[in-house]
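Keep the sequence and the 3D view at hand.

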Amino acid sequence: MNYLKLFGTKLMLIITVISYGQNLEKSIKENIGKRIDTLIQFKTDSPYNYMPVTIFSGKEKGPVFTIIAGIHGFEYPPIVAVQELIKEIDPKKLKGTLIVVPIANVGSFYKRTPFVNPFDNKNLNNAFPGSETGTITEQIANYITKQIIPNSDVFLDIHAGDANEDLLPFVCYYNNILEEKKTLLSSKLSEISGINHIVSYPYTITKTEPAKYAFKQASQDGKTALSIEAGKLGNVQTESVALIKKAVYNMLHYMNMYTVGTSPIKNPSAVYLNNQEYVKAEFSGIFHSTLKSGDYIKKGDKIGSVSDEFGKVLIEIKSPATGLILYKIGTPPVNKGETVFCIGY
């Protein structure tokens with residue numbers, strides 16, 4: 001692969017290629033006041049066997065803040081927002097270090113596949129901590145677990161609604177009571193983000209259980225970890241891109257790492273959703289619902305139905321809780337066991 005061609009022949013930045021086994025820590029510590037674009041090379045025959053990483057090292061020492069987009073390659077607003085961020089951020093004005101993964105799942109991105117990498121059919125956001133000798137997805141998860149998370153103080157994983165998901169923008173974190181100070185900072189960063197809906201998930205796994213999810217792995221490893229969800233249905237909404245960028249800049253400002261504009265303040269109208277109910281499809285078929293993400297529903301309300309290919313209703317879906325629809329299936333096909341609604345309250 002011609003890596004200079006990949007990044008553009010006029011790019012006046014330092015580009016390095018790091019093999020799977022090399023340590024990212026050296027690049028983080030040695031490049032003060034510079035931006036370094038790095039390609040992590042994995043040990044696989046997959047045509048997309050690399051992961052781009054950008055490191056911004058400020059002139060002053062400070063926290064290491066990691067931003068990851070493209071865990072799911074069909075979730076475009078986070079990827080577009082991070083593309084804009086890496087063009088805008090000036091390392092000379094930065095205090096500390098930014099590790100940015102602009103597209104974690106390159107194979108999924110270029111092949112336009114929702115959720116999974118098409119070269120092993122595995123979901124990266126279900127693969128942590130991964131394996132150094134596994135498939136491409138497992139190697140990516142392992143590299144993030146072993147090289148990126150340990151070098152991070154704050155770990156921000158940015159997602160959106162995938163090709164079939166209608167989603168309400170929210171920021172979320174795990175209520176890990178074993179890491180009280182780190183969880184408190186996750187909460188503070190969520191509040192300062194400027195995103196109206198704040199979700200805290202229960203943290204119920206042990207130190208040795210597979211975390212599966214990227215920012216849950218970071219939480220398990222004792223880091224300040226959170227996630228943004230903004231965007232939906234496999235499209236790029238400019239308002240979602242702007243919301244993500246604003247949230248990142250607000251968090252960096254709160255961490256005293258980077259300043260853009262005025263100081264962010266806690267959103268007085270923020271809605272806290274500390275409980276979730278997941279509604280699973282009991283049948284495969286055609287999903288019907290007139291509701292959308294953000295709608296308020298009451299327990300017992302009819303919120304949708306599933307029919308067969310001949311239009312016969314197989315089941316009517318009723319809400320198990322009163323609250324807001326955080327996300328729902330936004331396209332007709334549904335498979336048994338899939339989440340058709342997530343209700344926050």
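The structure holds 11 aromatic pairs. Rings of Phe, Tyr and Trp (its six-membered ring) pair if their centres lie within 6.5 Å; planes under 30 degrees apart are stacked, over 60 edge-to-face, the rest tilted. Tyrosine 48 and phenylalanine 119 form a tilted pair, 5.8 Å centre to centre with 45° between the planes. Tyrosine 48 sits in the loop between strands E2 (34-41) and E3 (50-57), and phenylalanine 119 in the loop between strands E6 (116-117) and E7 (122-123), so the pair ties together parts 71 residues apart in sequence. Helices (H or I, at least four residues) and strands (E, at least two) are DSSP runs, numbered from the N terminus.

This is a predicted model: local features need pLDDT of at least 70, side-chain atom pairs count only at pLDDT 80 or more, and totals for chains, interfaces and linings use all residues. Residues are numbered from 1 along each chain as its sequence is written, and side-chain values use heavy atoms, leaving out hydrogens and water.

Ring pairs also link Tyr48, Phe74, Tyr76, Phe109, Tyr110 and Phe119 into a cluster. Tyr76 leads on to helix H3 (residues 76-88). Buried residues in H3 include Tyr76, Ile79, Val82 and Ile86. Buried means under 20% relative accessible area, exposed over 50%, partly exposed in between (1.4 Å probe, protein chains only).

Now turn to charge. Side chains of opposite charge can pair when their charged atoms come close. The count comes to 10 salt bridges, each a side-chain nitrogen of Lys or Arg within 4 Å of a carboxyl oxygen of Asp or Glu. Lysine 245 and glutamate 88 meet at 2.6 Å, N to O. Lysine 245 lies in helix H8 (residues 238-254) and glutamate 88 in H3, so the bridge ties together parts 157 residues apart in sequence. Lysine 245 is buried at 14%, while glutamate 88 is partly exposed at 38%.

Another salt bridge joins lysine 266 and glutamate 191, with the closest N and O atoms 3.8 Å apart. Lysine 266 lies in the loop between H8 and strand E13 (271-273) and glutamate 191 in helix H6, so this pair ties together parts 75 residues apart in sequence. Glutamate 191 is buried at 11%.

Glutamate 191 is also one of the contacts (heavy atoms within 4.5 Å) of isoleucine 198, leaving aside neighbours within four places in sequence. Isoleucine 198 lies in strand E11 and is buried at 2%.

Terms used: Expected span 1.5 Å × (residues − 1).
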